[in-house]
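Visitor: I would like to learn how to read the features of a protein model. Please take them one at a time.

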Amino acid sequence: MSRRPPAARTRGARPGDADRGRAMFRLRFGFIIIAMVLSVFGARLVQLQGLDPNAYAAMAAAEGIVKVELPATRGAIVDRNGVELASSIDGMMIVGDPQMTRAHAAEIATRLADEVGVDYFTVLDRLRRQDTRFQYLARRVPATLATRVVRELTAEGYKGLSTRRDPMRDYPADDVAASLIGFIGEDEALAGFERTFDEQLSGVDGSTTYQVGAGNRIPLGENTTVNPVNGQDLVLTIDRDLQFYAQRVLAERVREVKGESGTVIVMDTRSGEILAAADYPTFDANDPLGSPKEDLGVRSASETYEPGSVQKVLTFASLIDAGKITPRTRLEVPESLRRNGHTVRDHWSHGDIRLTAAGALAKSSNIGTILAAEELGHEELYDYLSKFGLGQHTDLGIRGETRGVLPAPETWSAIRHATIAFGQGLSVNAFQMTAAINAIANDGVLVSPSLIQGKAVTDSGNEVGTDTTTRTRVVSEDAARQTAEMMELVTDAEDGIAKVTNIPGYRVAGKTGTAQRVGKDCGCYDGTFTVSFGGFAPADDARFTVYVMIQNPAKGYGGGSAAGPVFKKVMTHLLSKYAVPPTGTPDPALPVEW
């Protein structure tokens, strides 16, 4: 069988070559597309990071986390009866999203500056920030004002503004106890108890943190909240109504006598609690910047002065306690006295007179006081005055309290011993003097004064308040009683040198004070005076001690005539308000002369 030769193969594409060609084409095309896309991304990255970093930051800010403060509600400052003297009321903060406000920052800043009183340039900068979507524009704005301003701006087409809760401070009694309470600024406590007890009052702010995307809050995104811890209230020993009354009486009298300033302090004799502490001039705590800087502090604690003849009460109590004299001790008082080359005279002209110790105090004789005080040595008198609290801080919790000056006894000469005995050559503040007089009223026991009910810690770490009250016996109960009886001669309705302070039906113990003032410029006595009156009632069972001081009244006014009327009005009001009955005991019968 013959065989057919194999057919010849034709030239051309193999099976599948067409498919492989199409695949290669697609691959090359894909690489070209990827290269083009990467080139675009690379160019954009260069633009954002190198040529336009601000735009890059803005886009980053549109995606991320926003943290917003949740302000704690500040604790109230209340009087002894729970009446609010400083409180937190509804307020709002105005906040902005700079990504939405930047284009119209100048217009928005102008309106906010005009409407809510913020600084134009500070707000302008915040409205233009590049790296954030949240900025505080105004803090502690009254709610109605903040809401209206934002609503109006939004209606005019300005976007990116909103309000959030932001409690603000209010002082409902305006100037009542303002010098004690103080005030706060936009972001911090600036003065008074607001600053001293800021940690207790302020609490701890909370915060809320949430996620944003494309400039909007993501409903299901990251969201955490830390609730704020509200501040604690601060309770004062002050009685608001009494404080109001004392301030008005003091202000009226300082103006009447044309004085520079004045102070009146009311103390509960037994507890040491300060029921009123008024300074004049003072300020409105809602508008502190409307008053001079010198009126914003607590004069009664920061201002020192020479106490004058009120000091004689402490000297005579010390002498009686030491057994050196009695109220009936006889003194031969010349018209003048020389010590270390200095001549001392009394405030009235007289020849040689005979006074009892009680008479020397009743008539406020400098010479009689010197003669009696020389029975005590320098260190003895110094120790007594120191125990009365002179030259020491009262630790009331008042910022800027001065301790006064009680010179060391080794520096005393005969004339310094003499002047200190009758109230010159040393300095005190009004709280010190009130507490010292109160020691006589309280049967010879010095009670540390308090302005805070319970206990509180100052910003310097000191615990103060009624829970920390101390009691120190200075003189015997008998010495204190005899001194009080001597003081009653001062207020006697017929023969007292301060008869204006007599209160019908009550036994009243008191003492006048008139002291030369040291001029700030010359460092010498400049011819002006500090006048004062301190006392307590009922004299034989004291409930309240009142001390009044007026700086530089018009010529002719002394402690009794200038400060005495304030004492009488305030003490009369106290005895009535707290329903203190007269003791019904007879007045003491002490001789003035012999």
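Visitor: Are E194 and R169 buried or exposed?

Guide: Both E194 and R169 are buried. Buried means under 20% relative accessible area, exposed over 50%, and partly exposed in between, with a 1.4 Å probe and protein chains only. Before going on: this is a predicted model, where local features need pLDDT of at least 70, side-chain atom pairs count only at pLDDT 80 or more, and totals for chains, interfaces and linings use all residues. Residues are numbered from 1 along each chain as its sequence is written, and side-chain values use heavy atoms, with hydrogens and water left out.

Visitor: What do the side chains of E194 and R169 form?

Guide: They meet in a salt bridge, at 2.8 Å from N to O. The term stands for a side-chain nitrogen of Lys or Arg within 4 Å of a carboxyl oxygen of Asp or Glu. E194 belongs to helix 8 (residues 192-196) and R169 to strand 7 (residues 168-170), so the bridge ties together parts that are 25 residues apart in sequence. Helices (H or I, at least four residues) and strands (E, at least two) are DSSP runs, numbered from the N terminus.

Visitor: How many salt bridges does a search of the whole structure find?

Guide: The search finds 26. Among them, D295 and R299 meet at 2.8 Å, N to O, and both of these residues are buried. E463 forms another with K455, the closest N and O atoms being 3.9 Å apart. Here E463 is partly exposed at 47% relative accessible area, and K455 is partly exposed at 48%. Salt bridges also link R111, E115, R148, E152 and E156 in a network.

Visitor: Which residues gather in a patch of negative charge on the surface?

Guide: E379, E380, D383 and E410 do. For such a patch, residues need over 30% relative accessible area and no salt bridge, and like charges are joined within 9 Å. Asp and Glu count as negative, with the charge placed at CG of Asp or CD of Glu. E380 sits in helix 15 (residues 378-387) and is partly exposed, with a relative accessible area of 36%.

Visitor: How is a pair of aromatic rings described?

Guide: By the distance of the centres and the angle of the planes. Rings of Phe, Tyr and Trp (its six-membered ring) pair if their centres lie within 6.5 Å; planes under 30 degrees apart count as stacked, over 60 as edge-to-face and the rest as tilted. The structure holds 7 aromatic pairs. One of them, F134 with Y136, is edge-to-face, at 5.2 Å centre to centre and 85° between the planes. F134 is buried at 11% relative accessible area, whereas Y136 is partly exposed at 21%. The rings of F193 and F197 have centres 5.4 Å apart and planes at 65°, so this pair is edge-to-face. F193 and F197 are buried.

Visitor: What should I look for in the backbone?

Guide: Most residues other than glycine have a negative phi, and most peptide bonds are trans. In this model the bond from Y280 to P281 is cis, with omega near -5°. P281 lies in the loop between strand 15 (274-280) and helix 11 (299-302). The bond from A537 to P538 is also cis, with omega near -15°.

Visitor: Where is D443 placed?

Guide: D443 is in the loop between helix 17 (430-441) and strand 20 (445-447). Although not a glycine, D443 has a positive phi of about 60°.

Methods
Patch = residues over 30% accessible without salt bridge, like charges linked within 9 Å, V, L, I, M, F, W, Y side chains within 5 Å. Areas by Shrake-Rupley, 256 points an atom, 1.4 Å probe, with all protein chains shown as cover.
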